[in-house]
Amino acid sequence: RSTPCYAQATQHTHTMAEEEFRAFDFEHSTEWNEYLGNVLIPPGADVERATRRLKRKWFKRNINSDLPADEPASESSPPQNEAPQSAHSHAHSHAAPSPSPQQSSVKRAVVRNALLLLNLAILVQGVLSLFPVFGAHVFYRRAMYCAMVTYIVSAFNAFGIPRSKMDLGQMFIDANAQYLFMCVVMITSRPTSAFMIIILVPAVYQTISLIKGKFFAKYIVAVTKPVAARRAQAFHTSAILEVSMVVLLVVQGFSYPQSFLVAFMWAQLLRIRYLCSTDIQQVFAAINRQFEALFVSIPMLSFARPGYVRVRGWLEKLARVDLRR
């Protein structure tokens with residue numbers, strides 16, 4: 001089911017992919033230069049426009065599949081003859097100067113390098129926390145702290161400083177903000193391997209996206225290609241773990257010092273995740289199909305179906321919230 005939240009999240013995903021596309025260092029990318037060297041641009045064609053299309057096609061296939069196939073209107077059809085500016089518009093343009101391309105490029109490079117280091121730290125600390133070694137809980141906490149900083153940097157890099165309730169609402173439907181709140185909820189609970197896997201999945205694919213074109217790009221692409229091909233499967237598995245966490249946290253709530261409040265807060269976040277994530281929606285749809293199949297295959301359980309339908313309807317009604325209100 002398509003929702004306004006999902007539509008805005010999809011639009012933001014495309015915007016982030018566009019920013020990543022513009023910031024990518026094509027000039028020093030070995031794989032891109034090899035690809036371009038094997039492509040023949042027809043004589044008489046607009047070389048600049050053809051190269052832009054090739055870059056977009058190559059980037060979408062090898063770096064980030066969320067990049068729209070078509071160029072933005074501002075890039076695909078640049079104005080041929082600009083009308084002279086009026087005195088008012090000319091003065092306005094000088095009143096709020098935009099940063100130079102060189103400054104923007106430096107800023108993007110700094111942010112990308114910072115995110116790369118943070119994601120590498122998440123991977124190292126998170127993987128060590130999954131093994132029963134001395135200090136595993138310390139690695140768990142460190143990975144969570146690095147993840148929280150990563151999500152804060154990513155959210156503010158995408159939206160800037162929020163200046164209104166609408167800005168806060170738009171930031172809240174972003175996946176980075178949702179993962180950040182997950183970390184805030186789980187920081188008070190005991191270390192859970194399932195939650196660490198949820199954190200590791202986006203860290204893996206963001207690292208792959210950020211590291212391409214930097215160090216030994218040709219070899220890194222070859223090594224990470226099998227992992228990149230399983231991106232959809234990995235995020236779907238992560239969504240299954242997100243839903244399963246509710247049951248796990250409820251069970252942990254019976255033991256001291258864990259509190260049922262953690263399970264309640266996670267369930268509230270899951271409501272938002274359901275609206276914004278197609279993977280979460282697919283998991284709930286699969287659970288519903290399994291229950292329906294169970295009622296059909298075991299007639300003795302048919303008496304419980306009306307109660308299940310009421311609970312399902314209550315949950316669906318509960319999930320339909322306006323995040324921007």
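What share of the contacts in the chain with a separation of 6 or more is accounted for by residues 24 or more positions apart? The share is 70%, where contact means heavy atoms within 4.5 Å.

**Before starting**

This is a predicted model, in which local features need pLDDT of at least 70, side-chain atom pairs count only at pLDDT 80 or more, and totals for chains, interfaces and linings use all residues. Residues are numbered from 1 along each chain as its sequence is written, and side-chain values use heavy atoms, with hydrogens and water left out.

**The whole chain**

Display the entire chain, which holds 15 helices and zero strands. Helices (H or I, at least four residues) and strands (E, at least two) are DSSP runs, numbered from the N terminus. Of the 325 residues, 35% count as buried; buried means under 20% relative accessible area, exposed over 50%, and partly exposed in between (1.4 Å probe, protein chains only).

**Confidence**

Colour the chain by pLDDT, the predictor's confidence in each residue, from 0 to 100. The mean is 78, and 78% of the residues reach 70 or more. Select helix H12 (residues 231-252), where confidence is highest, at a mean of 90, and then helix H5 (residues 87-95), where it is lowest, at 39. Over residues 77-96 the pLDDT is below 50, and this stretch has two contacts in the model beyond near neighbours in sequence. Residues 321-325 also stay under 50, and for them the model has 10 contacts beyond four places in sequence.

**Helix H10**

Select residues 193-211, the 19 residues of helix H10. The expected span is 1.5 Å times one less than the number of residues, so H10 should span 27 Å; its end C-alpha atoms are 26 Å apart, which agrees. Because 14 of its 19 residues are buried, H10 is largely enclosed by the rest of the structure.

**Gln178 and helix H9**

Select Gln178, which lies in helix H9 (residues 175-186). Is Gln178 buried or exposed? Gln178 is buried, with a relative accessible area of 3%. Leaving aside neighbours within four places in sequence, Gln178 is in contact with Phe172, Ile173, Ile272, Arg273 and Cys276.

**H9 beside H12**

Finally, show H9 and H12 together. Their axes (lines fitted to C-alpha atoms over the stretch in contact, with angles from 0 to 180 degrees between N-to-C directions) come within 14 Å and cross at roughly 30 degrees. The two helices are therefore roughly parallel to each other, a term for angles under 35 degrees. To see the contact, select Tyr179, Met182 and Met186 of H9 with Phe235, Ser238, Glu242, Met245 and Leu249 of H12.

Key. Angles under 35 degrees count as roughly parallel, over 145 as roughly antiparallel, 65 to 115 as roughly perpendicular and the rest as oblique.
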